[in-house]
Amino acid sequence: MDIGLPVALVVGIDHFVAKAITRALLEKDMAVIGVGEEAGDLQSDKRFELRSGVNEVEETVAYVFDLRQETAAWKKAATDGAKLEVLLIDQEKNTRTLENSLTALRVNWRIFEVYEVYGVEMDLECSWVGSLIVSAVLNKPLTLPKTKTVRPVAVEDVVEAALRACFLSGTGEERLVYAGAEMETEEVGKILRREAKMTKEEVQREGERIEIERETVEESWSKLRWVPTRAFQESIEETLQYFFTIADEVGRKKPSQIKTVEEAARKYVVEEVVEKKKLPYEVVAEEETRKTEKKEEKEKEKVEKKEEGKLAWVRPIILPTTPVEEEEEGELVEEEEAKPEEIPKQETVPKIMATKNIEPTKPVATVQVTNLVTTPKRRSGVSWGKVLLGVTVGMVIAGVAVMGWVAWQVWQVAVSVQTIEKSIQQQNWQKATATTTDALGKIRVMEGTLMDWGVNGEINQGMRVVDEGLVVVNKAIPVMSEGQQSLI
């Protein structure tokens, strides 16, 4: 850590809001000490250090962001003369006692309350927003709050407001309540269903939320001089994208490989995906059953063909007459069954069949033809050969249809990739981001559809490679955009 930089202490670094604040502080060329159990990718930054407790922090700090309400952090701020900000995230709490405790320590404090915050890496248990995201990712019926309106706010706006609460003058010993712009609850549900491409239309209005006073929120906006700028539709898309990626990664693993994937913050999504992982194994079992049934069917066909071969000698003696000829000649009258000794030899049969006009005075020929046609009756059952031929033709047609659909989807994605490349070259970052997101959606629809059809192997592997490539591009676009702006 570079001690020459101003140092900020962030207590509760495990929380996604704390991580977002830390990244913003690092961008402002500050050194940050995080207190908690894990900090993810932040630990790769040389200006950041992770400690397990406040008592391990010996450096003098200038700012303290406390998400755990730890008295040790407040005392550290008082000792170092640092500005202290206590953050309450979706916590309905009487702050009067908290204010008195902070005032008694003679520390430069402010309380920053945030409600209905959402974003990448968020804890899905924290509020009704987290529950909605779980339902959207898993395509389950949405449970919306009972209230007519809600105030969801993106984590990016929360970070900006939190920094202003600490850095701006005139915020000392203030209770600031921050939330998003008011919007219709039903509109939230519509946006989630559209952005997550949900097929479940059911919506329940049984969710609970903390009531937020409109006047208090707008007063805090005025003091901080920061009104939320990120639209719900824009920012929720990024959040859903993140959790779809997590669910997809978990879905590709065997149940035995899944431990606590991404820790408790994502456990609900992971558990649901693990439950869904049972489906592919059931499909495999069904495929094995179908293979066994087909094998038994083929054996049955062989036996039937063998039995049918025993009667093959009677086929040449079927009359080759048409219905018209039969009307002209008159119907054949059945005679008494021929005695065994009266049946002519087999070589005389073609002569009888070749004779059109059979006279009644020749009973042997008449009886022979009639008896042989009626006694070994032609089977009226199913012709397994025709059934097998029909099934084969159907499978070929289905295969051609599937490959045609896959080819069309791949072509669309290829066109999107070319558009992304051109947009990046033209520095049209907005179009590049939109096209990348659209291409990711198409790829994931293809993956899901082919998995539902039981198609795996190289096709799915290829799409996963493209999926991962598009995810990397989607993350790189904002970096390239910022780099271009900095050069300008």
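Contact here means heavy atoms within 4.5 Å. The model shown is predicted.

**View 1. An open sheet of seven strands.** The strand order is S3-S2-S1-S4-S5-S6-S11. Pairing is parallel. Strands S3 (48-51) and S11 (175-178) stand at the edges. Each has a single partner strand, so one side of each is left without a neighbour in the sheet. Neighbouring strands are turned by 20 degrees against each other on average, direction ignored.

View 2. Strand S2 covers residues 31-35. S2 and S3 pair in the parallel sense over four bridges. Gly 34 stands opposite Leu 50 of S3.

**View 3. Helix H1 on the sheet.** H1 spans residues 16-27. This helix lies across S1 (7-11), S2, S3, S4 (63-66) and S5 (83-89). H1 runs at about 170 degrees to S1.

**View 4. Helix H3 on the sheet.** H3 is formed by residues 95-104. Strands S5, S6 (108-114) and S11 are the ones that H3 lies across. Its direction is at about 160 degrees to S6.

**View 5. The largest nonpolar core and the surroundings of Leu 25.** This core has 69 residues. Val 17, Ile 21, Leu 25, Phe 112, Val 117 and Ile 133 touch the most other members. Beyond its neighbours within four places in sequence, Leu 25 is in contact with Ala 8, Val 10, Met 30, Val 32, Phe 65, Leu 163 and Phe 167.

Terms used. Residues are numbered from 1 along each chain as its sequence is written. This is a predicted model: local features need pLDDT of at least 70, side-chain atom pairs count only at pLDDT 80 or more; totals for chains, interfaces and linings use all residues. Side-chain values use heavy atoms; hydrogens and water are left out. Two strands pair if DSSP finds at least two bridges between them. Helices (H or I, at least four residues) and strands (E, at least two) are DSSP runs, numbered from the N terminus. Axes are lines fitted to C-alpha atoms, for helices over the stretch in contact, and angles run from 0 to 180 degrees between N-to-C directions. A nonpolar core is a set of buried Ala, Val, Leu, Ile, Met, Phe, Trp, Tyr and Cys residues joined through side-chain atoms within 4.5 Å. Buried means under 20% relative accessible area, exposed over 50%, partly exposed in between (1.4 Å probe, protein chains only).
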